[in-house]
Amino acid sequence: MIRICRAVSSVGLFGLMATGCSSPAPADGSLDALSDAGSVEVQVQFDGPVRRGQNALSVRLSTRDAAQVPPLLAAVDALMPAHGHEAHAQQIVELDDVFHATELDLFMTGRWQIELELSSGEVLDRVSFPVDVP
């Protein structure tokens, strides 16, 4: 499992290195992550290779405490800090305990930071990870 908050702590399917989020990541794949608060396990699977233009991904959420109800996926955003660009998934649909986020327009080649916002009532949590768009 990859623990991703603001820095990466282990190597995972994206090829992230222990030095943090500045290492290159391949443009496709899946990952397991832990939310910033450490209470939600997140499985992310891109629907095909990450590419310039429209992208879609599936997200499964589970809590570390079986008695808790998993939160909702409230937003999927992408930031390109080097250029100040932002993109937002236009649609998030839950089907069979999996959230499907679509129409995430990564309109420029380069490093994007994907941010998942999780909502459980009044409590907000977040997961973020880098992807490189070829």
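Arg-126 is partly exposed, since its relative accessible area is 22%, a value that falls between the 20% limit for buried residues and the 50% limit for exposed ones. In this predicted model, Arg-126 forms a salt bridge with Glu-117, and the closest N and O atoms of the pair are 3.1 Å apart.

**Salt bridges across the chain**

A search of the whole structure finds four salt bridges, and three of them, with the distance between nitrogen and oxygen, are set out here.

| Residue with the nitrogen | Residue with the oxygen | N to O distance |
|---|---|---|
| Arg-126 | Glu-117 | 3.1 Å |
| Arg-111 | Asp-132 | 2.5 Å |
| Arg-64 | Glu-41 | 3.7 Å |

Asp-132 and Arg-111 meet in a salt bridge whose closest N and O atoms are 2.5 Å apart. Because Asp-132 belongs to strand E9 and Arg-111 to strand E8, this pair ties together parts that are 21 residues apart in sequence. The two partners fall into separate classes of accessibility: Asp-132 counts as buried because its relative accessibility is 18%, which lies under the 20% limit, whereas Arg-111, with a relative accessible area of 23%, is partly exposed.

The side chains of Arg-64 and Glu-41 also meet in a salt bridge, at 3.7 Å from N to O. This pair links distant parts of the chain, given that Arg-64 sits in the loop between strand E3 (53-63) and strand E4 (72-80), while Glu-41 is in strand E2 (residues 40-46), 23 residues apart. Arg-64 has a relative accessibility of 53% and therefore counts as exposed, the cut-off for that class being over 50%. Glu-41, by contrast, is partly exposed, with a relative accessible area of 25%.

**The largest pocket**

The largest pocket holds about 160 Å³ of space. It is lined by 13 residues, and those closest to its centre are Ser-39, Val-40, Pro-71, Ser-120 and Val-123. Strand E8 (110-120) and strand E9 (123-133) each supply at least two residues of this lining, and these are the strands in which Arg-111 and Asp-132, respectively, are found.

How values were computed: Residues are numbered from 1 along each chain as its sequence is written. This is a predicted model: local features need pLDDT of at least 70, side-chain atom pairs count only at pLDDT 80 or more; totals for chains, interfaces and linings use all residues. Side-chain values use heavy atoms; hydrogens and water are left out. On a 1 Å grid over the protein atoms alone, a cavity is a set of points where a 1.4 Å probe fits but cannot get out, and a pocket is an open set with protein on both sides within 12 Å along at least five of seven lines; lining residues have an atom within 4 Å of a point. Grid points are joined across faces, edges and corners, and a volume is the space filled by probe spheres set on the points. Helices (H or I, at least four residues) and strands (E, at least two) are DSSP runs, numbered from the N terminus. Buried means under 20% relative accessible area, exposed over 50%, partly exposed in between (1.4 Å probe, protein chains only).
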